[in-house]
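The following note sets out numbered points for a colleague who is reviewing the model.

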Amino acid sequence: MPIFSDDAETFKANGSGFQFSGVNISKLGASEYTLVGAACDRSSSVTPFASEIEKCVIESFKACQKSARVDNLLARLLAFGTEVTEEHGFRPLADCHLANYDGFLKPGGTTKLYDACVDTVDAMATYGKDLISQDYTANGIVIIITDGADYGSRFKAHHVKEAMMRARQSESLESLVSLLIGINVKEPSIAQYLKDFQGEGGFDKYVEAADASAKTIAKLVDFISKSISMQSQAVNSGGPSQLVTF
Amino acid sequence: METDYYFRMGATHSVCQDYAAAGHTEERAYAVLSDGCSGEAKSDPGSPHTDFGARFLVRSTLYHLPDLFDGDFPLQKVAVEADGMIRQTRLSRLAMDATLLAAVKSGRYTRTFQIGDGVIAGRTRSGGIRYFTLKFGGNMPYYLGYTLDERREDDFLAKAKTVTRTTNLYTPGEGWGQATEITEDIIDFKICQQHLFNHEEYDVVLLMSDGVESFMRKGTTTSIPLETVLEQVCAIKNTQGEFITRRCNAFLQRFCAENGWIHNDDFSCAGIYSGPLVP
């Protein structure tokens with residue numbers, strides 16, 4: 001069940017052709033928006049710390065809801081395991097009732113990491129293009145949280161990079177910042193895999209959290225919320241925000 | 001119903017001397033705009049600190065909105081109020097050398113008031129555009145501050161001599177008609193010009209400073225005709241919330257950048273979307 005069942009419209013993403021939803025653009029009152037696309041791993045391996053990942057999303061969004069830019073943020077949340085599921089489409093962050101996020105991950109299955117990344121980026125680029133065609137200014141930030149390697153995707157790592165390039169070259173978004181977050185990465189082989197995927201997938205930054213302790217989650221929350229805030233402040237500047245240090 | 005406003009500094013300015021404000025309730029809406037004379041603060045005899053004057057005139061008008069909703073622009077009250085603000089900040093009264101435009105929507109009409117130059121445009125529900133402009137002789141617009149200074153008002157009347165009113169209509173599928181220009185002696189001219197826009201015919205009414213007439217192609221002295229600029233400014237795609245900010249941003253930052261247009265003078269726009277027609 002999606003987190004929100006509202007009157008969002010259905011869109012078809014350019015490039016990959018994924019379907020996604022978003023609030024009707026004619027109902028948006030601000031002049032500029034930052035699109036936040038977050039995708040969280042729900043494969044069976046995250047079971048021990050699924051609630052920490054949820055907390056990371058909830059606390060990051062909560063921090064953004066307190067920001068002066070809250071009316072200029074639209075968030076979309078995906079979870080990926082054996083399937084990629086849209087928990088909610090692009091909707092004003094101010095309207096995201098975070099209590100509804102508790103237990104959204106429900107771990108189990110494989111890791112369609114690449115599919116989730118392509119879905120996140122293509123949907124953002126498509127929605128961004130629609131916004132810009134209606135005179136809005138829009139930029140975006142992609143946040144992918146995973147603990148391991150892809151398994152079962154129909155797309156490959158290079159398709160993620162191509163989606164990033166499509167988003168940047170098609171004037172869909174003024175700028176795009178993409179963050180890959182490895183969580184509870186204990187095995188060196190996974191660490192190396194994710195580092196490699198940063199380059200192959202065209203991510204701007206890879207940050208690695210060796211565990212999912214309260215301290216680490218707090219640090220991640222700070223990193224994610226600051227990254228969103230910085231990108232939001234950069235909208236209408238013509239370029240992306242500076243990357244935040246983890 | 002929605003209201004919004006926008007102002008940006010011109011290419012040849014070092015401070016933006018335009019200012020605007022707008023707001024609405026469920027029943028009523030207002031938009032006010034002022035364009036300070038382009039004088040540098042240290043220049044003599046230019047008009048210094050008109051960025052302050054423009055803001056004070058707008059603020060002062062906001063204090064007297066009930067009069068505007070009653071169909072009357074209280075020239076003297078607004079001028080005296082603004083003059084008080086000028087004195088509080090120990091600026092010269094010359095800071096009040098700023099034009100003033102206002103629009104109020106109540107019931108079936110949006111009424112506009114204009115003191116000085118600038119452009120008023122209404123977008124028809126069928127996609128047409130009707131505009132009105134005022135041009136003063138010697139490019140010396142009337143300023144409200146003159147009502148407080150008989151000597152300056154006499155000087156203005158002696159130098160400006162004439163005022164020309166221009167109006168034109170854009171009809172979708174037909175384009176612009178022939179502009180109608182009426183020039184009259186400044187002595188016969190009413191300081192505050194009013195227009196009424198019927199809500200059934202017009203969905204958007206915009207006030208613009210004369211910066212809208214300052215667009216040029218970069219690197220040339222070729223002016224862009226007002227009609228061409230208005231087609232862009234009035235091409236509002238979505239009337240929700242910050243509808244003027246979105247249109248002006250897209251126009252200035254994308255269209256003008258792509259087409260090599262620049263605006264030398266400050267550019268400002270404020271307006272009212274009166275909402276859909278209710279049967």
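1. Is N184(A) buried or exposed? N184(A) is buried, because 23 other C-beta atoms lie within 10 Å; the rule calls a residue buried if 20 or more other C-beta atoms lie within 10 Å of its own, exposed if 12 or fewer, and partly exposed in between, with C-beta atoms placed from the backbone. N184(A) belongs to the loop between β7 and α4 of chain A. Although N184(A) is not a glycine, its phi is positive, at about 55°.

2. Conventions. This is a predicted model, in which local features need pLDDT of at least 70 and side-chain atom pairs count only at pLDDT 80 or more, while totals for chains, interfaces and linings use all residues. Residues are numbered from 1 along each chain as its sequence is written, and chains are lettered from A and ligands numbered from 1 in the order in which they are written.

3. Confidence in chain A. The mean pLDDT (the predictor's confidence in each residue, from 0 to 100) of chain A is 92, and 98% of its residues reach 70 or more. Among the elements of chain A, the lowest mean pLDDT, 85, belongs to strand β1 (residues 9–12), and the highest, 97, to strand β3 (residues 32–41).

4. Architecture of chain A. Five helices and eight strands make up the elements of chain A; helices (H or I, at least four residues) and strands (E, at least two) are DSSP runs, numbered from the N terminus. Their order from the N terminus is β-β-β-α-β-β-α-β-α-β-α-β-α. The C-alpha trace spans about 45 × 35 × 35 Å along its principal axes. For 246 residues a compact globule would have a radius of gyration near 18 Å, and the 16 Å of chain A agrees with this; the radius is taken over C-alpha atoms, and the globule rule is 2.2 Å times the number of residues to the power 0.38. Of these 246 residues, 52% count as buried. Two residues are in contact if their C-beta atoms, placed from the backbone, lie within 7 Å; among contacts in chain A between residues at least 6 apart in sequence, 80% join residues at least 24 apart.

5. Helix α4 of chain A. This helix (residues 188–201) has 14 residues and should span 20 Å at 1.5 Å a residue; its end C-alpha atoms are 19 Å apart, which agrees. The expected span is 1.5 Å times one less than the number of residues. Its buried residues are L194(A), F197(A) and G201(A). They fall within an arc of 55° seen down the axis of α4(A), so they line one face of the helix; the arc is that of the directions from the helix axis to the C-beta atoms. Exposed on the face turned away from the buried side are P188(A), S189(A), Q192(A) and G199(A). The cover over the buried residues includes α2 (113–133), α3 (157–169), β7 (176–183) and β8 (205–209) of chain A. After α4(A) comes G202(A), with a positive phi near 75°.

6. L180(A). This residue lies in strand β7 of chain A and counts as buried, with 24 C-beta neighbours inside 10 Å. Leaving aside neighbours within four places in sequence, L180(A) is in contact with I144(A), L194(A), F197(A), Q198(A), F203(A) and Y206(A).

7. Chain B. The secondary structure of chain B comes to six helices and 15 strands. Its 279 residues would give a compact globule a radius of gyration near 19 Å, and chain B has 18 Å, which agrees. Of the 279 residues, 45% count as buried.

8. Helix α3 of chain B. The buried residues of α3(B) are V78(B), A79(B), A82(B), D83(B) and I86(B). Seen down the axis of α3(B), they fall within an arc of 130°, so they line one face of the helix. On the other side, Q76(B), G84(B), R87(B) and Q88(B) are exposed. What covers the buried residues includes α1 (50–63) of chain B.

9. N139(B). In the loop between β7 (129–136) and α4 (150–160) of chain B, N139(B) has a positive phi of about 50° although it is not a glycine. N139(B) counts as exposed, with 9 C-beta neighbours inside 10 Å.
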